[in-house]
Each structure stands twice: as structure tokens, then as C-alpha cells.
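Open the model in a viewer and keep the sequence panel in view. The stops below say what to select next and what is there.

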Amino acid sequence: MAKRAAPEVNAGSMADIAFLLLIFFLVTTTIETDAGINRKLPPMEDENVQPPTIKKKNIFEVLLNGKDQLLVEDELMEIKDLRQAAIEFLDNGGDGSCKYCNGKKDPDSSDNPDKAIISLKNERETTYKTYIAVQNELVAAYNVLRDRRAKSQYGMTFAEMEANYDDVNWPGNKTKLKEQIEQIKLEYPQKLSEVQ
Amino acid sequence: MAKFNKKKSGDMPAISTASLPDIVFMLLFFFMVATVMRQNTLMVENNLPFADQIEKLDKKDLVMYIYAGKPSENYTKQFGTAAKIQLNDKFADVSEIAAFIAAERASKREELVPFLSTALKVDQDANMGLIMDIKKELRKVNALKINYTTKKGSVTGE
């Protein structure tokens, strides 16, 4: 009986195997997360329910035709001017009930940010790219107003407030911050209606 | 003297590579944890539009993806060049969206279903007709939270 010790397994190729796996995971890794514009679709409406009557002056009409042309309140407009036009409309404060608005108080434009509605209509031939650009500008208009309001009220922009709320390490009072965020959202509610 | 000579005679000792596997394994584990495998092979062109007012789409397990766009080169012979919808790994018709949403909902835990959202990954050259159809289907099945997935950048593109 020859007494043999079990031969030691050669671990020299371990590194090679590990490298192989490493390279595989390196190649398949996608670390970035997706981002985009969040929207909420309206639920299917009842046929019988009468839509509420809204004054014409409280509606900001945005039309996009099949040739990607933009018609805002019956006037042709470039996409780059849309943001400012939307801000002026939302911030108008026509009936004086809005204490925090800096608009022109034009009686022919919106009464109150709470009542102001942006109506977006597009055609089937409109390209997605243009549609997203318009959506982006309209969301930007709301964000500009909310940022401005948050800055004057709480000393930081709305975006910063939301970032702080999501930040686990933020030292401040979160319930109070949440209330403030809700308050700003109430003051400039996003009322963006899409014609289906 | 012999004692001292011995010390000088040796060359630089070879660096031990015994810990190399450990280092590599460490890297390996990092990438294994950080990896998100692509669930779907894309069969459509997916050149997303640009936007800058974007919000991050976290909680990946609570997102349903709907792709749309022109069929990519390998498929144009078979499917033509009109924009199509892709669900999971195959082309689908607008009417199949309802079934797709139902299947996705069934695969998630019940208490998570209300938090599901739908990410629309649509090629920037697609036209709105297709998207209006998708949105109508989503409204029918009450999947109202949507996200137009975009790339970060100025709206004009470049």
C-alpha cells in the first residue's frame, strides 16, 4: 500500500476563470437608470358626465399640426418661445385673487394659476420628438414658477426641496418639508390637459 | 562574510500573484451586483428624444416597458418600415397591450400593482398616431402612470 497524500489542486488558473466572468459582467453591465417626463393619463371618462364649463380665457391652447408647426392661442410660435408664453399665461392672475403672481394682471388672460389650464392638441402625423419638446417646455414653465415661488418663500428652489426630501441624509424636518412641497404644488398646480 | 554575500546575490524576488484571484473576484462581485441585464432584445430603432425637465425612473422592477419605432434593419424586409410596437421580445399589435399589462400585473406582488408605471421608449421619429393609440389602450386598462423616457439634453437635440 503506497501512502499518497492527495495531490494539491492547481489554483493557477483561478485568475483566468475569474477574469472570464469579470469580462462577461463588465460587458453586460448597464448602470445608468432611465429618466423621462412623468405624466398621468386621465381615466376613461363616463359618456354621460357633462364636462365642466371653463372660461375661454382660462385655457391656453397649444396646437401641434402634422408638419410640426406650433400654434399657440391662434398665433404661430417657435418652440423656444413657448416656455415664456406659458409662464406669462399661468402667472397672469387676472382677477387679483392670486397674491403671489407677478403677471400683468391682464383681464383677458387667466384668472388664477389654480384655474389656468393648458390644453395640448396634436395630430396623428406630429412627430414624437416635437411632441416631447412641447411637453418639456410646458413642464419647464411650471417648474420655473414653482422654483421662483419656493425661492421667495423658503429660500431654496422647488427642485432642491424635492431633492432634499428624497435625500436620506438630509438633516432637516421632513414632514415640514413635505407640507411645503405640497403647498407649492397647490399654488401652481400642473393642469395640463391633452385632447384625445 | 559568507552570510552577507548571500543576501546580495539574490535578484528581485518575483511578486506573488497568489492574491490576484482575490482582487479579480472583488471586481467580479462588484459588477455582478451592479449589473442589470437587458431584458429585451430591441427589434425596433430606439433613438430616444431629448428633454431636460426629467425625473429619474427608479425602482426598476415596478416599470413596464413598451418600445416603439421603426423595425430595425434586420427586420425591415419582413415587417416594412412603418413604426411598430414591441412588447417583450416580439412585435405586437396595439390590441395586445391590454394583455401585456395584465400579464405584467399578474407577475408582480398584489400590493405592488398600484405602483406600477409604464415607460414608453419611443423613437423620436415615430409619429403621434401610434402613441395616441398606445395611450388609449393604457387608459382602457387603467394603467395611468406613464413616463416618456428621454435622453437628457436640450430639446433641440444636439
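Two strands count as paired if DSSP finds at least two bridges between them. Strands (E, at least two residues) and helices (H or I, at least four) are DSSP runs, numbered from the N terminus. This is a predicted model, in which local features need pLDDT of at least 70 and side-chain atom pairs count only at pLDDT 80 or more, while totals for chains, interfaces and linings use all residues. Residues are numbered from 1 along each chain as its sequence is written, and chains are lettered from A and ligands numbered from 1 in the order in which they are written.

**Stop 1: the sheet of chain A**

Select residues 59-64 and 117-122 of chain A. These are β2(A) and β5(A), which pair in the parallel sense over six bridges. A:Leu63 has A:Lys121 of β5(A) opposite it.

Now widen the selection to the open sheet, where five strands of chain A lie in the order β4-β3-β2-β5-β6 with mixed pairing. The edges are β4 (75-77) and β6 (192-194) of chain A; each has a single partner strand, so one side of each is left without a neighbour in the sheet. From one strand to the next the twist averages 25°. (Axes are lines fitted to C-alpha atoms, for helices over the stretch in contact, and angles run from 0 to 180 degrees between N-to-C directions.)

**Stop 2: two helices of chain A**

Select α3(A) and residues 158-166 of chain A, which are helix α4(A). At what angle do α3(A) and α4(A) pack? The angle is about 80°, and the axes are 7 Å apart. The two helices are therefore roughly perpendicular to each other, a label for angles of 65 to 115 degrees. On the α3(A) side the contact is made by A:Asn143, A:Arg146, A:Asp147, A:Ala150 and A:Tyr154, and on the α4(A) side by A:Phe158, A:Ala159 and A:Met161. Residues are in contact if their C-beta atoms, placed from the backbone, lie within 7 Å.

**Stop 3: where the chains meet**

Show both chains. The interface has 42 residues of chain A in contact with 48 residues of chain B. Elements of chain A that give two or more residues to its side are α1 (14-28), β1 (35-40) and α3. α3(A) gives the most, with 11 residues.

Next pick β1(A) and residues 55-56 of chain B. The latter are strand β2(B), which runs antiparallel to β1(A) and is joined to it by two bridges. A:Ala35 has B:Lys56 as its bridge partner there.

**Stop 4: chain B**

Chain B has five helices and seven strands, in the sequence pattern α-α-β-β-β-α-β-β-α-β-α-β. Of its 158 residues, 27% count as buried, that is, with 20 or more other C-beta atoms within 10 Å of their own.

Select residues 84-87 of chain B, strand β4(B). B:Lys84 and B:Gln86 point one way from this strand, B:Ile85 and B:Leu87 point the other way, and all are buried. β4(B) pairs with β3(B) (residues 63-69) in the antiparallel sense over three bridges, and B:Gly69 stands opposite B:Lys84. Three bridges also join β4(B) to β5(B) (residues 90-92), again antiparallel, with B:Phe91 as the bridge partner of B:Gln86. In the β4(B)-β5(B) hairpin, with two residues between the strands, B:Asn88 takes a positive phi near 50°.

Move to B:Ile66, in strand β3(B). Is B:Ile66 buried or exposed? B:Ile66 is buried, because 24 other C-beta atoms lie within 10 Å. Leaving aside neighbours within four places in sequence, its contacts are B:Ile85, B:Leu87, B:Thr118, B:Leu120 and B:Ile134. Of these, B:Thr118 is 52 residues away in sequence and 7.2 Å away in space, C-alpha to C-alpha.

**Stop 5: the core**

Show both chains again and select A:Ala86 and B:Ala68. These residues have the most contacts inside the largest nonpolar core, which has 52 residues. (A nonpolar core is a set of buried Ala, Val, Leu, Ile, Met, Phe, Trp, Tyr and Cys residues joined through C-beta atoms within 7 Å.) Its largest share, 12 residues, comes from α3(A), residues 128-154.

Conventions:
A residue is buried if 20 or more other C-beta atoms lie within 10 Å of its own, exposed if 12 or fewer, and partly exposed in between; C-beta atoms are placed from the backbone. Two residues are in contact if their C-beta atoms, placed from the backbone, lie within 7 Å. Angles under 35 degrees count as roughly parallel, over 145 as roughly antiparallel, 65 to 115 as roughly perpendicular and the rest as oblique.
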